[in-house]
Amino acid sequence: EWVNLSLDEDVITVPVLITASDGETIATYNIILNRLSNDTEITVAYDEMMLQRDDEGKYQVEILDTKESGKIKVTANDINTKIDIANTNNYEQGMKEYTLQKDTKKAGRIIEIPISVISQDGTVEESVIVITRISTNTNVSKVEGTFKVDNVDKTKQATVDDDGLYVIPVT
């Protein structure tokens, strides 16, 4: 007999009819097929602030450069999904927390923390949290760069004093 193995069903029962060698004794057994989830959707938080995935599939967060650690929490839609943070190869099911403890001053302005998610059926999804350190240094005496002056890019130099920012021509 034909059995429908629909891709829309998560549980499929396949009956198997067994006839004994005497030709009269018949038994029916059921084989139950359970489809494993391929759900790799996650939510990501940094210090309890929910992060949104950008167009490149990354989670972006900005922190002050004085901050030395932070807590990353990744929660899967499916509690059976395995999660790893920072390539520890220590996967946890459903949810994982990781405390970032890096010397952020030595780590540089941008810190990338990889996330790996494995669903029940083995589907793997890789992503990354990009942590950008924002400078708290307000002791600026000179800024150089290209500024818009009358809607035209011009190389200028700016000085900062107690009265504010002044743009002056570079000589």
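Me: How many salt bridges does the structure hold?
Reply: This is a predicted model, in which local features need pLDDT of at least 70 and side-chain atom pairs count only at pLDDT 80 or more, whereas totals for chains, interfaces and linings use all residues. Residues are numbered from 1 along each chain as its sequence is written, and side-chain values use heavy atoms, with hydrogens and water left out. A salt bridge is a side-chain nitrogen of Lys or Arg within 4 Å of a carboxyl oxygen of Asp or Glu. The number of salt bridges that the structure holds is 4.

Me: Which residue forms a salt bridge with D84?
Reply: D84 counts as buried at 1% relative accessibility; buried means under 20% relative accessible area, exposed over 50%, and partly exposed in between (1.4 Å probe, protein chains only). Strands are DSSP runs (E, at least two residues), numbered from the N terminus. In this salt bridge the closest N and O atoms are 3.4 Å apart. D84 lies in strand β7 (residues 82-85) and its partner in strand β9, so the pair ties together parts that are 12 residues apart in sequence; the partner is K96.

Me: How many residues apart in sequence are the parts that the pair of E97 and K71 ties together?
Reply: E97 is partly exposed at 38% relative accessibility, and K71 is partly exposed at 40%. Their side chains meet in a salt bridge (3.6 Å, N to O). E97 belongs to strand β9 (residues 95-101) and K71 to strand β6 (residues 69-76), so the separation in sequence of the parts tied together is 26 residues.

Me: Does E56 count as buried or exposed?
Reply: The side chain of E56 meets that of K58 in a salt bridge (3.8 Å, N to O). K58 counts as partly exposed, at 24% relative accessibility. E56 has a relative accessibility of 62% and therefore counts as exposed.

Me: How many bridges join strand β5 to strand β11?
Reply: Strand β5 (residues 58-64) and strand β11 (residues 124-134) run parallel. Within this pairing, E62 has T132 as its bridge partner, and K58 has V128. On β5, the covered face carries Y59, V61 and I63, and the uncovered face K58, Q60, E62 and L64. The bridges joining β5 to β11 number 7.

Me: Which residue in the turn between β10 and β11 has a positive phi?
Reply: Strand β10 (residues 110-118) pairs with β11 in the antiparallel sense over 9 bridges. Among the bridge partners are V117 with E125 and I118 with V124. The two strands form a hairpin with 5 residues between them, and the turn residue with a positive phi, about 95 degrees, is G122.

Me: What is the relative accessible area of V128?
Reply: V128 lies in strand β11. Leaving aside neighbours within four places in sequence, V128 is in contact (heavy atoms within 4.5 Å) with G57, K58, Y59, E112, I113, P114 and I115. V128 and I85 are 43 residues apart in sequence and 8.9 Å apart in space, C-alpha to C-alpha. V128 counts as buried because its relative accessible area is 11%.

Me: With which side chain does the side chain of S37 make a polar contact?
Reply: S37 is placed in the loop between β2 and β3 (42-46). Not counting residues up to four places away in sequence, S37 touches D78, S119, Q120 and D121. A polar contact is a pair of N or O atoms within 3.5 Å; within protein, one must be able to donate a hydrogen and the other to accept it, and residues adjacent in sequence count only if both atoms are side-chain atoms. At 3.0 Å, the side chain in polar contact with that of S37 belongs to D78.

Definitions and conventions. Pairing = 2+ DSSP bridges. Helix = DSSP H or I, 4+ residues; strand = E, 2+ residues; numbered from the N terminus.
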